[in-house]
Amino acid sequence: MPKLQEEETLMVSSPPTVCFITPPSPFLMDERVFPALGILKVAATARQQGYPVEHLDLNGVGNAAEVAGNHAQNTGVEVFAITATTPQLPAATEIAKVLHQVQPDCRVILGGPHSTLTLAALKHSTRALVQWLS
Ligand code: B12
């Protein structure tokens with residue numbers, strides 16, 4: 001295979017870098033005491049699967065969305081995975097908005113306790129509705 005073609009094939013098949021983001025929690029007395037472990041577990045699994053990963057811990061960062069936007073602009077990363085509990089959702093939404101402004105084609109994935117709990121609640125209420133209707 002000619003070298004150029006080989007490099008092109010490698011570029012197409014290599015998995016994209018995933019930037020994992022922990023939004024700030026300004027409502028806590030000290031947001032840097034306990035690092036969020038869940039997102040690191042997902043990042044470690046992604047790395048084991050061959051994805052290059054990075055982690056942007058925005059705890060204690062006042063202008064978090066701006067920092068995330070600058071990071072996206074400077075690195076060219078296009079896949080972002082954000083964790084959020086419910087009280088972190090406003091900060092996560094703001095970050096996602098800025099990421100889409102900077103990289104309009106980027107993918108932003110939301111995970112963590114908020115999405116886990118809301119999905120569980122949705123499943124529970126759908127099941128209850130189906131039982132009630134039948
Ligand atoms: C330890 C703990 C704390 C510790 C440490 C938190 C930390 N920094 O991790 C302390 C005491 C600091 C704390 C504080 C609070 N906590 Co707390 N905490 C927990 C607890 C008991 C365990 C968390 C944990 O480590 N779980 C193990 C890890 C592996 O799970 P995980 O974080 O959920 O991550 C998994 C998934 O969510 C998912 N995931 C996570 N991130 C991402 C990202 C992506 C992209 C994807 C795809 C998946 C994904 O994959 C992970 C692996 O399965 C949970 C209850 C529980 N049983 O989970 C409550 C819990 C998370 N806490 C909760 C709350 C409400 C709080 C506080 C807001 C309380 C308060 N009033 O101050 C604060 C603020 C937290 C914040 N930053 O928003 C709620 C969140 C509810 C919600 N609707 O979001 C929970 C669920 C308890 C509950 N049932 O009410 N907490």
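Five bridges join strands S3 and S4, which run parallel; strands are DSSP runs of E of at least two residues, helices runs of H or I of at least four, numbered from the N terminus, and two strands pair if DSSP finds at least two bridges between them. The model is predicted, so that local features require pLDDT of at least 70 and side-chain atom pairs count only at pLDDT 80 or more, whereas totals for chains, interfaces and linings use all residues. Residues are numbered from 1 along each chain as its sequence is written.

S3 also pairs with strand S1 (residues 18-22), in the parallel sense and over four bridges. Isoleucine 82 of S3 is the bridge partner of isoleucine 21 and has leucine 110 as its bridge partner in S4. Because four of its five residues are buried, S3 is largely enclosed by the rest of the structure; a buried residue has 20 or more other C-beta atoms within 10 Å of its own, an exposed one 12 or fewer, and a partly exposed one a number in between, with C-beta atoms placed from the backbone.

S3, H4 and S4 form a right-handed β-α-β unit, the path from the first strand over the helix to the second running clockwise with the strands pointing away from the viewer. Helix H4 (residues 89-102) contains valine 98, which is partly exposed because 19 other C-beta atoms lie within 10 Å. Beyond four places in sequence, valine 98 touches Ala65, Glu66, Ala68 and Gly69, contact being defined by backbone-placed C-beta atoms within 7 Å. A C-alpha separation of 9.4 Å is found between valine 98 and alanine 72, 26 residues apart along the chain.

Definitions and conventions
Contact = placed C-beta atoms within 7 Å.
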